[in-house]
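Please take a moment to look at the sequence and the model before I describe some of the strands.

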Amino acid sequence: MPETGPAEVAPEELDLTPTETRLWEAFRRGRRLDLREGIPERDSPAGPAEWGAERTVRAEVLAMLLLTPPPAVRGRASAVRLTGALVTGRLDLAGGDVRCYVEFNDCRFDEMLLLAETRLGTLRMVRCTVPRIHASRLTTTGDVHLPGCIVPGGIRMTDARIGTDLLLDHIQLAPNQRGYAFEGDGLTVDQDLQADSISVSGELSLRSARVGGSLSLRRSALTGPRPPVESQDPFERSTPSPARFALNAPRLTVEHTLHLSHGFAAEGGVRLDDARFGNALLISGATFALRPNEELSLRRIQAPDFTFLPAQAPTMGSVRLTRAQVGTLTDAPYAWPRHEGGMGLIGFTYERLPGPPRFPLPDRLRWLEAATPAYRPEPYEQLAAALRAAGEDSPAREVLLAKQRRRRAVLPLVPRIWGWLQDATVAYGYQPGKAAAWLAVLWAVGSVYFSSLPPSPLKPDEHPHWNPVLYTLDLLMPIVDLGQSGSWKPVGASQYVAAVLVLLGWTLATTVAAGATRVLNRG
């Protein structure tokens with residue numbers, strides 16, 4: 001029996017033009033149809049040149065080829081490979097199953113492209129102009145490439161599933177009526193999402209999106225949206241809220257690295273709250289132009305490595321890392337805002353600081369003070385723990401000493417005075433060398449004092465040879481008995497001097513012992 005199936009020739013009702021007939025035959029053979037004239041200024045889809053009937057293909061013809069295709073020539077794989085064409089009408093593939101390879105190069109679409117709930121293999125659109133792309137719940141087994149495209153009405157890919165890579169390099173996006181330039185909420189890309197050198201005016205939204213590899217926004221420029229306008233487009237009426245950010249990606253998951261680097265620039269708020277990064281969050285050479293009420297919000301992010309080395313610190317707005325958790329923190333003093341309220345680090349934890357330090361300890365302490373306008377102990381304890389983990393015990397003690405000094409400023413008068421005394425004498429126990437110096441001073445003063453005013457022996461016929469140096473040392477050293485302090489009986493003022501030496505000796509010797517213990521524990 002003869003085979004049955006789609007006709008090898010187009011249905012008569014399509015009334016194909018000569019150009020469309022050429023496309024029909026090229027499709028069956030999997031060949032490219034190139035309609036360009038070879039003159040760059042006339043071949044640019046974004047240029048002013050008008051394209052005539054010889055370069056025009058109706059969207060309904062493309063839909064027929066893609067959804068109910070004619071059989072391929074034997075030994076060939078059918079494909080749409082179209083270059084330099086004007087596509088008229090709305091190309092509606094919504095809900096369809098497109099099994100062939102699809103590629104458009106330097107094409108101009110005069111109406112939006114509908115791919116909602118479409119199933120595709122691979123889609124490549126290179127340097128095309130399209131009023132808008134609506135691809136919610138699109139599913140592909142291969143790549144989606146849109147490099148160099150111009151989409152003035154933005155792209156919607158909510159809940160889409162891309163089987164391999166999503167490539168958006170050099171794309172130009174403008175917002176829809178609600179301010180969204182790219183809606184990728186719930187988007188899943190099984191491998192890499194590469195969006196280098198893109199230009200976006202409006203919100204780039206990736207809420208709850210998942211990227212199986214890396215997400216790259218190197219050299220990209222994002223500009224936040226203007227105030228929203230009520231949309232008349234039925235495809236926009238389900239948008240839950242007007243756009244507000246340049247980059248809005250809370251709950252984003254990137255299995256490898258997010259790159260905001262190499263000249264990345266965002267004008268407007270950036271939100272990455274609750275994002276997870278399998279390898280690193282890299283912010284390097286980036287610029288954030290924030291207004292006073294906007295934030296670079298990294299609340300509760302998780303990343304093994306976090307590099308924060310923007311081209312310059314934001315001069316307005318704030319950087320928020322509340323309850324963020326990172327492994328290695330790489331930053332520098334210049335990177336952080338210096339204006340009041342410019343940082344929020346409550347609950348921010350990090351395990352390591354790389355060496356050699358590009359962030360000197362005095363600058364790091366000023367960083368902590370700027371981040372905590374009201375005293376909180378946690379940031380100081382976190383920094384001390386990271387320094388101890390790196391074997392930097394002495395800087396860790398400096399941090400804890402700074403914590404005590406900061407705490408002292410909020411205490412009532414009497415505890416504050418006691419704090420000043422502790423600081424001046426023993427540095428709250430964090431500088432054992434200072435305590436040892438005080439012991440030496442007291443030893444010398446006591447020796448001189450008791451040399452001039454020796455006490456009487458407790459037992460006149462039974463006492464060691466009088467030695468003011470050993471006697472003073474015996475008073476200052478708790479636990480250790482040199483056989484002097486118990487053999488002599490100071491009276492009058494000498495009795496009070498001896499008591500003061502005993503009390504100070506206990507305090508200072510305990511501090512020295514604690515310092516020695518820390519050194520031994522470090523070893």
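**Strands and their partners**

Strand S25 (residues 215-216) pairs with S29 in the parallel sense over two bridges. Here, two strands pair if DSSP finds at least two bridges between them. Strands (E, at least two residues) are DSSP runs, numbered from the N terminus. The model is a predicted one: local features need pLDDT of at least 70, side-chain atom pairs count only at pLDDT 80 or more, and totals for chains, interfaces and linings use all residues. Residues are numbered from 1 along each chain as its sequence is written, and side-chain values use heavy atoms, with hydrogens and water left out.

Within S29, Leu-258 is the bridge partner of Leu-215. Leu-258 also has a bridge partner in S33, namely Leu-281. Strand S33 (residues 280-284) and S29 are parallel and share five bridges.

How many residues of S29 are buried? Five of the five residues in S29 (residues 257-261) are buried, that is, under 20% relative accessible area with a 1.4 Å probe, protein chains only. In a regular strand the side chains alternate between the two faces of the sheet. In S29, Thr-257, His-259 and Ser-261 point one way, while Leu-258 and Leu-260 point the other way.

I turn now to an open sheet. Six strands form it in the order S14-S18-S22-S26-S30-S34, with parallel pairing. Strands S14 (150-151) and S34 (287-289) are at the edges with a single partner strand each, so one side of each has no neighbour in the sheet. Inside this order, S26 (residues 221-223) is joined to S30 (residues 265-267) by three bridges, and Thr-223 has Glu-267 in S30 as its bridge partner.

Technical notes: Helices (H or I, at least four residues) and strands (E, at least two) are DSSP runs, numbered from the N terminus. Buried means under 20% relative accessible area, exposed over 50%, partly exposed in between (1.4 Å probe, protein chains only).
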